[in-house]
Amino acid sequence: EHGVRLSWRQRSEGGSTGEVRYGDGAAALTARGDGAFWLDADAWNSTYSGSLADTTLGVELRPGPGAAVQVDLSYQPASGGRPAGRYRLSYRLGGAGRGRRAAGTHGVVDVPAAAGWSTVDIRPVEDIRALWPDLVAEDNSLFRLRVGVLGTGSAAFRQVTITRARRADSLALMRDVMGRYARRYPDRRQY
């Protein structure tokens, strides 16, 4: 985004192990185990984190079994029977169909991807709105971004782009978000 380059750090979770091979402008990941093997995005001063309103993540990949993108969202107060906490979206890339499901503060979105190299567009606000309609979807930030493999499998990632559309009237978004919170929390004062 705006010329800020991401760097990537390897991380295993849940007992998985993995390896990364770099070549031809791509990172090819292979993982083994029941957890996940990730490449966590990092940028100077966390410059990629910011509002998800009007944001599209473009992921160029060659999907394989377990290909995934994970986005950690904002911390939200308790709502809809869910506890307060940081929300998370896990995108499973490469299946034939599209689907969404949520368990508490964790949402899973199945995103089709063609075999071979292709780019999928991910619009987290649309998924937040569908999975948790009681939240103000636009009031979420991109807190953490990672690409990887869930379970035993492989995938290759060539590029992740963050595109933030600019509104002609960005204050309209702020007024809309504040208005929705005022209706939701009428006993709270906004400044």
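Student: Which side chains meet in a salt bridge with Asp134?

Tutor: Side chains of opposite charge can pair when their charged atoms come close. In this predicted model, the side chain of Asp134 meets that of Arg82, at 2.8 Å from N to O. Asp134 sits in the loop between α1 (124-131) and β11 (144-150), and Arg82 in the loop between β6 (67-76) and β7 (85-95); the pair links distant parts of the chain, 52 residues apart.

Student: Does Arg82 count as buried or exposed?

Tutor: Residues under 20% relative accessible area are called buried. Arg82, at 12% relative accessibility, therefore counts as buried, whereas Asp134, at 31%, is partly exposed.

Student: How many salt bridges are found in the whole structure?

Tutor: The search finds 13. One of them joins Arg101 and Asp110, whose closest N and O atoms are 2.8 Å apart. Arg101 is partly exposed, with a relative accessibility of 40%.

Student: With which residue does Asp40 form a salt bridge?

Tutor: Its partner is Arg11, and the closest N and O atoms of the two are 2.8 Å apart. Asp40 is buried at 6% relative accessibility, while Arg11 is partly exposed at 26%.

Student: Which residues do salt bridges with shared partners join into one network?

Tutor: The network consists of Arg11, Glu13, Asp40, Asp72, Arg88, Arg144 and Arg146.

Methods: Residues are numbered from 1 along each chain as its sequence is written. This is a predicted model: local features need pLDDT of at least 70, side-chain atom pairs count only at pLDDT 80 or more; totals for chains, interfaces and linings use all residues. Side-chain values use heavy atoms; hydrogens and water are left out. A salt bridge is a side-chain nitrogen of Lys or Arg within 4 Å of a carboxyl oxygen of Asp or Glu. Buried means under 20% relative accessible area, exposed over 50%, partly exposed in between (1.4 Å probe, protein chains only). Helices (H or I, at least four residues) and strands (E, at least two) are DSSP runs, numbered from the N terminus.
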